[in-house]
Amino acid sequence: MEDIFEEWFLANGGYIDPGVEIATDKVTGRHMRVINGEDVTAGSLIVSCPHELTISWLNVVSGSETFLSQFDLGDAYHAVNQVVIVRFFLLNEHLKGQESFWWPYIRSLPQPDETQLLGTPLYYDDEDFAWIRGTNLEHAARKTERMWRIEYDEAMQSLVQIEGSHATEWSWSLYKWAATIMSSRCFPASALANNVLMKDAFGNGNSDPPGSADSLEPGSPVLIPGIDLLNHRPSAKVTWQWTSINCRLVTNENLVAGTQIWNNYGQKSNEELILGYGFSIADNPADHCGLTVVADASRSHQGLDFQNGQSCDQTRTSQPYMRGVAEPKRVHWVRLRNAVEDKIQLDAKASYEFSPGFLDEIATALCNNREKTSSQAYLQDLNDFSTADLSRRKLKVLATIVMLVQRQLSDILKYDAQIPKWPDNERQFHAARYRRGQLHILRTVNTSLLGKLSSLSGFNGNATRDFRVVRLEHMLVESPSPLLADFRAALNAGLGTRKAAKIRDRGWVECAFTLWICGVWLYGQSSTSDSMSLRGKDLESTIASWLVFLRQTYPDIPIVQDKSLTNGHGQPSSTAPANEEDTSLVDSSLCLIQAAVQRNPSSLYNNPECTKPRLMWCVNILKEESVMCPDFEGKSGDEFDELVLFIEAHEAI
């Protein structure tokens, strides 16, 4: 079949370097290589294809009886999706068989019934698909097939029956084949000058085309026979040249006899390569893991909704996968840094990096009301998360990323039992490589960031602890006296325990935090500034500074002289609740206080300022200044998440 294609290609103005031949092997399929006994020097023209041999939108609209006339588009003519129609053009040329001008080329492509050669996930069987379950690639593949099916169904509804047309044979399976061929072999029209292609298509460079829809959109696909034989290698040094008569590929390196000649499609991850082309690359320097975070205040996870990050997004069908064009990313990514490619020290602390703008985008979405109204520094990379510059917002960003990464890890690992020990075909081999790469990236990031969170929280000891990060354990052990004794007594009286683990198991964490914040306020009211240390690195001095911050940041509430809220006499004052959950938390906290005061009338909490409005004020501070962190031992899941309070410690004014 190579001889038929090569004969047609050369007879119609194509060119292949005399020292180059078309070859086939089981690993890389059809490709070009240097003939044995020959050498190819840098600067050599490897292959060129005249514009007349290309397949694009211009073939659809050229001629008196255009292919486009088979679609009843009406006013939609100028808004027609070029990608979809070109796919139909290709499958129609396939149905013509030897009557098609492009038949020698089309016959050299993987055929619709040769599914083993169509290596993308849209042709995986159940055993193949098991290797990508839970990954971004699974979601991207399912999404792509859904979109293609919608395109096919909508286009078929607009068909006009024309005598002699092959349209009755336009099946879904043929459309999927055509879409797969184009996604794996096309070049973007943006790489070719429109006026060059239009001059060839319409025969007169000075004539206007039939209409504005007759020009190529930047993302419109172009099949370029001959050049599409070259496989991808990210290190290949080549130059693409688009002249007024042809498309050319020139090598920029010396090639020895027997060497396969490679193209360079640009920086593409293994996910993009498998979804678009059906193969992957070992140690791919462009490999990454997609991360998607959608703002959703209704979710408990930091006010964000976590979704699988599809780093290959085909929601816009006018932007298909094509060689040498990067898909517009709707999601962010994280990748491991390569010591050689990125020119970094082997012992560099940051062994990974996030896509530009990712950290700041999350930080913006996670701002509390206070942070939204204040000036916030742009977060560029992980160096912006040093202990000295730590803030509640930065801590929340770190916690959110760890939870996102853990969620994606869990989504992949839950299918471990369904995967065989070894892949048994080429598709599974590439899927397994991709899966291993995704797990490696996610595990590396999770280990690093979780370790940083654990250090900041003091989970592994106080050597690296930031005392502004306050866990329930810290409240129960390190609070200043007399707050410590009265806080523990109140928990014991109201909950029957003062052990952190039991409080978490019983779901009383938020109530305990509210009680502690109220106690901190009462402690500040009863202590003189001389007795409260604003120096040193411990929780007591941090609390003293925090009280200064609270007075400056959160407007005080009217003091309600209503002892009924602490001693049970009279009627409680009413206050407008923020919401039902807040009201319930206030009521629960009040019950703890009443139990504590009843048991110990001299308790710090037996104070006329300890009112429902005051407790609602404390609840608001908890909502604004707390951070939900993942389990510091690495357990993944909502049930293991841990609430901490970040104390913005400012110097007294």
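**Strands and rings in a predicted model**

Student: In β9, what is the bridge partner of V47?

Tutor: Strands, like helices, are DSSP runs numbered from the N terminus (a strand is E, at least two residues; a helix is H or I, at least four). This is a predicted model, where local features need pLDDT of at least 70, side-chain atom pairs count only at pLDDT 80 or more, and totals for chains, interfaces and linings use all residues. Residues are numbered from 1 along each chain as its sequence is written, and side-chain values use heavy atoms, with hydrogens and water left out. In β9, V47 bridges to L249.

Student: How many bridges join β4 to β9?

Tutor: Two strands pair if DSSP finds at least two bridges between them. Strand β4 covers residues 45-50 and runs antiparallel to β9. The number of bridges joining them is five.

Student: How many residues of β9 are buried?

Tutor: Buried means under 20% relative accessible area, exposed over 50%, and partly exposed in between (1.4 Å probe, protein chains only). Strand β9, residues 246-251, is mostly covered. Of its six residues, the buried number is five.

Student: Why is the ring pair of F88 and Y175 called tilted?

Tutor: Rings of Phe, Tyr and Trp (its six-membered ring) pair if their centres lie within 6.5 Å; planes under 30 degrees apart count as stacked, over 60 as edge-to-face and the rest as tilted. The structure holds 24 aromatic pairs. The centres of F88 and Y175 are 4.9 Å apart, and the pair is tilted because the planes stand at 40°.

Student: How many residues apart are F88 and Y175?

Tutor: This pair links distant parts of the chain. F88 is in helix α3 (residues 82-96) and Y175 in helix α7 (residues 172-185).

Student: At what angle are the ring planes of F187 and W240?

Tutor: The ring centres are 5.1 Å apart. The pair counts as edge-to-face because its planes stand at 75°.

Student: Is W240 buried or partly exposed?

Tutor: F187 has 0% relative accessibility, so F187 counts as buried. W240 has a relative accessible area of 22%, so W240 is partly exposed.

Student: Which residue lies over the face of Y123?

Tutor: A charge sits over a ring if NZ of Lys or CZ of Arg is within 6 Å of the ring centre and within 35 degrees of the ring normal. At 4.7 Å from the ring centre of Y123 lies K176.
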